[in-house]
Amino acid sequence: MIYLELFLTFFKIGLFTFGGGYAMLPFIQEEVKLHGWLTDAEVINFVAVSESTPGPFAINISTYVGIETGGILGAICATLGATLPSFIVILLVARFYEKFKNSKIVSGCMTGLKPAAIGLIGTAVLTIGKTVFFPTAVSLASVMTFGFVSSLVIFALMFVLTMKRTHPIIIIALSAALGIAAGFIGEAV
Amino acid sequence: MSRKEKFKTAMYLFMSFLRIGAFTFGGGYAMIPLIQTEVVEKKKWITDKDILDIIAISESTPGPISINAATFIGYKICGFWGAFCATFGLVLPSVVIISLLSMILGLIESNKIVQYAFNGIRAGVLALIIKALISMYKQCPKNLFSYIVLALAFLVVAIFDINVIYVVIGCGIIGLVHSLIVTRRNKNDIS
């Protein structure tokens, strides 16, 4: 049943993501591909949509995957699944939070979880890079195409801008405009 | 707190977090200044020092930081129903906005110009995520142990395609064992 599947999948994602936001990305890529819910490119498109709409990324993407696969009820199940682990864990922790705050076990686990989150987002970057630069297959021939070159130029420009603390929404709007321009130039070439 | 007061507080929490959910772009840390205005400055229900504790706990519990923070603040102010109202308020705008948006996206997705735009956007998103990665790296403790765990997590998933959940559990255990060994060694050194 799709509703239960959505709920359980996002419950699992919510329960094992530490660090929030993009730390969820590698999980979502893995699960969504496993179930055939969205393609890699669709997930990345949605990251942009989520950056340009209010609300937490985790909630936005669970709602989106839910509604695309199971309509409104699917959206509710997925979002409930993503939210519930946080809700339950925090209710438990809030009762004895002084203890939790000073716990050697918690801080010990965090010394492993923090770097792990970075490594895992690194794998998401790898997948996204492949989707951006080699949409069909990784090969030398695709490096010579107009699509590859234009993506590389847009990426380089946006990287410089984002390191200068340009707002994400401006980055997305600019890269959309450049993408449209590149598309029409590509048609003409 | 009387029953009536409790109800009023829970409703206030719901409305505050509804506003926060509707006006925060980027989630997580972007939400903290809004929380400060809503519950610290306006109502003085919690202090700035509490906010720091809340961030620390939200980081070291699973799930999105914003949901963790909303649940925690709601619970601290008004118990279970406070937690429920704050979290529900935070989530509601996202669910409504994204549901509407997905219908629009479905209609325009096949448009050529939209596809071109998304080709560009994907390259821009890659830049945004690398930026996020760099700032996370800057906040991470820089020592040999961190580097090893970071590399291990990356390689195990990138090359061997091992389920991310096992990697998270594994790295948590490795971190715990390592820190216990370090503490014991330090204790021995002192004695």
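Which helix of chain A holds Asp40(A)? Asp40(A) is found in helix H3 of chain A, residues 40-51; helices here are DSSP runs (H or I, at least four residues) and strands are runs of E (at least two), numbered from the N terminus.

## Basis of the model

This is a predicted model, in which local features need pLDDT of at least 70 and side-chain atom pairs count only at pLDDT 80 or more, while totals for chains, interfaces and linings use all residues. Residues are numbered from 1 along each chain as its sequence is written, and chains are lettered from A and ligands numbered from 1 in the order in which they are written.

## Chain A

Chain A has nine helices and zero strands. The C-alpha trace of chain A spans about 65 × 40 × 30 Å along its principal axes. Of the 189 residues in chain A, 53% are buried; a residue is buried if 20 or more other C-beta atoms lie within 10 Å of its own, exposed if 12 or fewer, and partly exposed in between, with C-beta atoms placed from the backbone. Among contacts in chain A between residues at least 6 apart in sequence, 60% join residues at least 24 apart, a contact being a pair of residues whose C-beta atoms, placed from the backbone, lie within 7 Å.

Asp40(A) has 17 C-beta neighbours inside 10 Å and therefore counts as partly exposed. Leaving aside residues up to four places away in sequence, Asp40(A) touches Gln29(A), Thr127(A) and Thr131(A). The pair Asp40(A) and Thr131(A) lies 91 residues apart along the chain, yet their C-alpha atoms are separated by 6.8 Å.

## Chain B

Chain B has seven helices and zero strands. Its radius of gyration is 22 Å, well over the 16 Å that the globule rule gives for 191 residues, so chain B is more spread out than a compact globule. The radius is taken over C-alpha atoms, and the rule is 2.2 Å times the number of residues to the power 0.38. Along its principal axes the C-alpha trace of chain B covers about 60 × 60 × 25 Å. Buried residues account for 42% of the 191 residues in chain B, and 48% of the contacts in chain B between residues at least 6 apart in sequence join residues at least 24 apart.

Within chain B, the axes of H3(B) and H4(B) come within 9 Å and cross at roughly 130°. Axes are lines fitted to C-alpha atoms, for helices over the stretch in contact, and angles run from 0 to 180 degrees between N-to-C directions. H3(B) and H4(B) are therefore oblique to each other; angles under 35 degrees count as roughly parallel, over 145 as roughly antiparallel, 65 to 115 as roughly perpendicular and the rest as oblique. The crossing of H3(B) past H4(B) is right-handed (the near helix is turned clockwise from the far one by less than a right angle; anticlockwise is left-handed). Ile54(B), Ile57(B), Ser58(B) and Glu59(B) in H3(B) meet residues of H4(B), among them Ile65(B), Phe72(B) and Ile73(B). Ala, Val, Leu, Ile, Met, Phe, Trp, Tyr, Cys and Pro count as nonpolar, Asp, Glu, Lys and Arg as charged, and the others, Gly among them, as polar.

## The interface between the chains

In the interface, 79 residues of chain B are in contact with 91 residues of chain A. H5(B) provides the largest share of the side of chain B that touches chain A, 21 residues. That side of chain B divides into 51 nonpolar, 23 polar and five charged residues.

## Positive phi angles

Most residues other than glycine have a negative phi. Arg165(A), not a glycine, has a positive phi of about 65°. Arg165(A) lies in the loop between helix H8 (146-163) and helix H9 (168-188) of chain A and is exposed, with 7 other C-beta atoms within 10 Å.

In chain B, Asp161(B) has a positive phi of about 55°, although it is not a glycine. Asp161(B) is placed in the loop between H6 and H7 of chain B. With 10 other C-beta atoms within 10 Å, Asp161(B) is exposed.

Conventions: Contact = placed C-beta atoms within 7 Å.
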